[in-house]
Amino acid sequence: MKEIICAGFGGQGVLITGMILAYCSMRKGEHFTWYPSYGSEMRGGTANCNVKISEEEIASPYAKHLDILLSMNDVAIGKFEPRMKPGATLFANSSLLSEDRVFRPDINVVKVPASQIAAELHNPRGTNIVMLGALCQTTGLYEKEFMKESIDEYFAKKGKVNPGNSLCFDAGVQAVLEA
């Protein structure tokens, strides 16, 4: 079982990021849970979601011992890093990290300047998609083409087609390869 938390501020797409992971799991026929948590502030307030993915049935949607933390900001790291298993992987949007941020020595940290990359691609709302590209490249949770297709399909079902998402995903993959 994989326990994942996607976290950041409202408006950064963290809930959608978790929904996309759940959608990929559904397409693969895996068991999954998606459990959102957000403040009443919405945009600007804190937001996160717990995602669990498993070949077997899942008893609880709550992620206690994280395999993956996808963090869009410093606040989320401070809140959820203590729940990470030793050897787990933390994906940090380095565009929004404080310079003096210290990470636990027993976890793997992947820094991705996701906000900067998305802005350079003229798709600032694609920051979360950049992070998904980095996650896919690093973890191998899903094949890259499968995840890209899933992202496009997820948004198409909502009537939203954005070719920039594919560029953001590829840039996230490339950021990991160049690091």
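Good morning. Because the model is predicted, local features are described where pLDDT is at least 70 and side-chain atom pairs where it is 80 or more, while totals for chains, interfaces and linings use all residues. Residues are numbered from 1 along each chain as its sequence is written, and side-chain values use heavy atoms, with hydrogens and water left out.

I begin with the sheet. Helices (H or I, at least four residues) and strands (E, at least two) are DSSP runs, numbered from the N terminus. Two strands pair if DSSP finds at least two bridges between them. Here 6 strands form an open sheet, in the order 2-3-1-4-5-6, with mixed pairing. Strand 2 and strand 6 (108-112) are the edge strands, each pairing on one side only. Strand 1 and strand 4 run parallel to each other and share 4 bridges. Across this pairing, Ile4 stands opposite Ile68 in strand 4.

Is Thr33 buried or exposed? Its relative accessibility is 16%, so Thr33 counts as buried; the term means under 20% relative accessible area, exposed means over 50%, and partly exposed lies in between, with a 1.4 Å probe and protein chains only. Contact means heavy atoms within 4.5 Å. Neighbours within four places in sequence aside, Thr33 is in contact with Asn50, Val51, Lys52, Ile58 and Pro61.

Next, helix 1, residues 14-28. The expected span of a helix is 1.5 Å times one less than its number of residues. For the 15 residues of helix 1 this gives 21 Å, and the end C-alpha atoms are 21 Å apart, which agrees. Its buried residues include Val14, Leu21 and Tyr23. Among the elements that cover them are strand 1 (2-9), strand 3 (46-54), helix 4 (127-139) and helix 5 (144-156). After helix 1 comes Gly29, with a positive phi near 80°.

Helix 4 passes the span test as well: its 13 residues should span 18 Å, and its end C-alpha atoms are 18 Å apart. Helix 4 is mostly covered, with 10 of its 13 residues buried. Gly140 follows helix 4, and its phi is positive, near 65°.

How many residues does the largest nonpolar core have? A nonpolar core is a set of buried Ala, Val, Leu, Ile, Met, Phe, Trp, Tyr and Cys residues joined through side-chain atoms within 4.5 Å. The largest has 39 residues, and Leu21, Val112 and Met147 have the most contacts inside it. Helix 4 supplies the largest share of this core, 7 residues. Apart from this core lies another, of 15 residues, including Leu69 and Phe80.

Finally, the aromatic rings. Rings of Phe, Tyr and Trp (its six-membered ring) pair if their centres lie within 6.5 Å; planes under 30 degrees apart count as stacked, over 60 as edge-to-face and the rest as tilted. By this rule there are 3 aromatic pairs. The ring centres of Tyr23 and Tyr154 are 5.9 Å apart and the planes lie at 65°, so this pair is edge-to-face. The pair links distant parts of the chain, with Tyr23 in helix 1 and Tyr154 in helix 5, 131 residues apart. Tyr23 is buried, at a relative accessible area of 9%. Tyr142 and Phe146 have ring centres 5.7 Å apart and planes at 40°, so this pair is tilted. Ring pairs also link Tyr23, Tyr154 and Phe155 into a cluster.

Thank you for your attention.
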